[in-house]
Amino acid sequence: MPSLFIDGTWTSGHADRHDDVINPYDQSVVQAVDLADAQDVGEAVAAAKAAFAGAWPRTAASERGALLLRVADLLTRDKDETAPTETLDTGKTLVESRIDVDDVTAVFKYYAAMADQDPGRVVDTGIATVLSRVVYEPVGVCALITPWNYPLLQASWKIAPALAAGNTMVVKPSEVTPLTTVKLVRLIEEAGIPAGVVNLVLGAGATVGAALAESHDVDLVSFTGGLATGQRIMVAAAGNIKKVALELGGKNPNIVFADADLAAAKDQALNAVFLHAGQVCSAGARLLVQDSIYDEFVAEVAARADRIRIGNGLDETSQSGPLVSAEHRAKIERYVESAIAEGAKLLAGGRRPSEPELRQGFFYRPTVFADCRRDMTVVREETFGPILTAERFATEEEAVELGNDTDYGLAGAVWTRDAGKAARVAGALRHGTVWINDFHPYLPQAEWGGFKRSGIGRELGPTGLDEYREAKHVYTNTDPKPLGLFPG
């Protein structure tokens, strides 16, 4: 079955090239997909440009919202098919994949409701004969480039608001995990999207993604992924001064004070970093614990990490799945080696599992390091895997200093029963999301994004819609008269 979608037609592309999608549990081939070449990318962009010149941007906002609701209904209908595909694609557990499908459905419903909620505003000029209003219009052709860790979820964060605002688009998922994005585009087609409004191309970021970023017919690039790629996209966007929205990861502090609910904080310290084997941009990989409770707290977290059941994501008893690829596991192993070499104390994991049934997969044991310092490579860099580093702090001021001592600023958490302390620390942390006595939840209604090297712009919430809109001021003089400035 063809896997590229260009101008309303499923196609195998001009180059007749294919790639195998690998199940990270056992390296078996899940499915072969078509790969786009430069001609396919050009045709997809041209289709989106033609569709933007057509009726879609002028379609009633209520109609665009109704289409998004139909997509949400189709996601609900096909949840039992889509969730296992997400697990086969990424390795994550079925529990996580089911949550992802529900979250994606909620995002489409949210932007369906938002589509016709902001018609603009009237500006009071103080002049009786002047009508002044600000209206919002779609940006144009959008290139939406998504990561491998949450392919379905991240696609929804971009596609839903872009459609609600009236844009057209070319979607490019990661070449590693494209299957549920293909599924989502098929559902969008079934929901009745006009030809050319949504196009899908598959292939490597270095070729297909770069062609989209460089195209002068693309008006906006939204990218979620690594810092280095985000920097290259910013350079490419300069060619035609296209808008960019970038979410580039984080190194997220999870701060635990001695007066916290320690049972909940210990449990959430595990959730924060070992969900999806740590392959989460907001993972709480940096645990900061107050001195007086540090030893007991970290020891218990490490003991519980050793008991996490890793296995096939399709097995309902598995608590964590594999890493996405052999290359990514090798990267995790290098971080573990560097942590040990730099003096961190290994308390848990630090190895591949020994079970014979897991040897074909890209598994790595949940790993906990104590006695970590902020200058260590494993503390400073985004490891994007099942590695937890633990550091000590004594005072509130030191906790804030440590929490902000990072090049990133995506997310963080503070655990305390003291409401005043929680508010002070949350206010002082330079991170786009701060949880108080929790970790990881997000809401479609609330903005998501980071400070510093974590990116530019926001997804979700009203601002997530604004990323895909341009504000236009329309000034009407109802009683024009000559000014006489140049009576000549």
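Contact here means heavy atoms within 4.5 Å, and this is the sense in which packing is described for the predicted model examined below. In helix H8, which spans residues 227–237, the residues Leu-227, Gly-230, Ile-233, Ala-236 and Ala-237 are buried. The buried residues of H8 pack against strand S7 (141–145), helix H7 (205–214), strand S10 (220–224) and strand S11 (243–247).

Strand S10 is itself mostly covered, since five of its five residues are buried. In a regular strand the side chains alternate between the two faces of the sheet. In S10, Leu-220, Ser-222 and Thr-224 point one way, while Val-221 and Phe-223 point the other way, and all of these residues are buried. Strands S7 and S10 run parallel and are joined by four bridges, with Leu-144 standing opposite Ser-222 of S10. S10 also pairs with S11 in the parallel sense, over five bridges, and in this pairing Leu-220 stands opposite Lys-243 of S11. The chain passes from S10 through H8 to S11, and this β-α-β crossover is right-handed.

Charged side chains were considered next. Side chains of opposite charge can pair when their charged atoms come close. The structure holds 27 salt bridges, among them one between the side chains of Lys-92 and Asp-100, at 2.6 Å from N to O, and both Lys-92 and Asp-100 are buried. Another salt bridge is formed by the side chains of Glu-459 and Lys-158, at 2.9 Å from N to O. This pair links distant parts of the chain, 301 residues apart, with Glu-459 in the loop between strand S19 (455–456) and helix H15 (461–466) and Lys-158 in helix H5 (residues 151–165). Glu-459 counts as buried because its relative accessibility is 8%, under the 20% cut-off, and Lys-158 is likewise buried, with a relative accessible area of 1%.

The side chains of Arg-352 and Glu-333 also meet in a salt bridge, at 2.7 Å from N to O. Arg-352 lies in the loop between strand S14 (345–348) and strand S15 (367–370), whereas Glu-333 belongs to helix H11 (residues 326–341), 19 residues apart. Arg-352 is partly exposed, with a relative accessible area of 43%, while Glu-333 is buried, with a relative accessible area of 19%.

Note on methods:
Residues are numbered from 1 along each chain as its sequence is written. This is a predicted model: local features need pLDDT of at least 70, side-chain atom pairs count only at pLDDT 80 or more; totals for chains, interfaces and linings use all residues. Side-chain values use heavy atoms; hydrogens and water are left out. Buried means under 20% relative accessible area, exposed over 50%, partly exposed in between (1.4 Å probe, protein chains only). Helices (H or I, at least four residues) and strands (E, at least two) are DSSP runs, numbered from the N terminus. Two strands pair if DSSP finds at least two bridges between them. A crossover is right-handed if, with the strands pointing away from the viewer, the path from the first strand over the helix to the second runs clockwise. A salt bridge is a side-chain nitrogen of Lys or Arg within 4 Å of a carboxyl oxygen of Asp or Glu.
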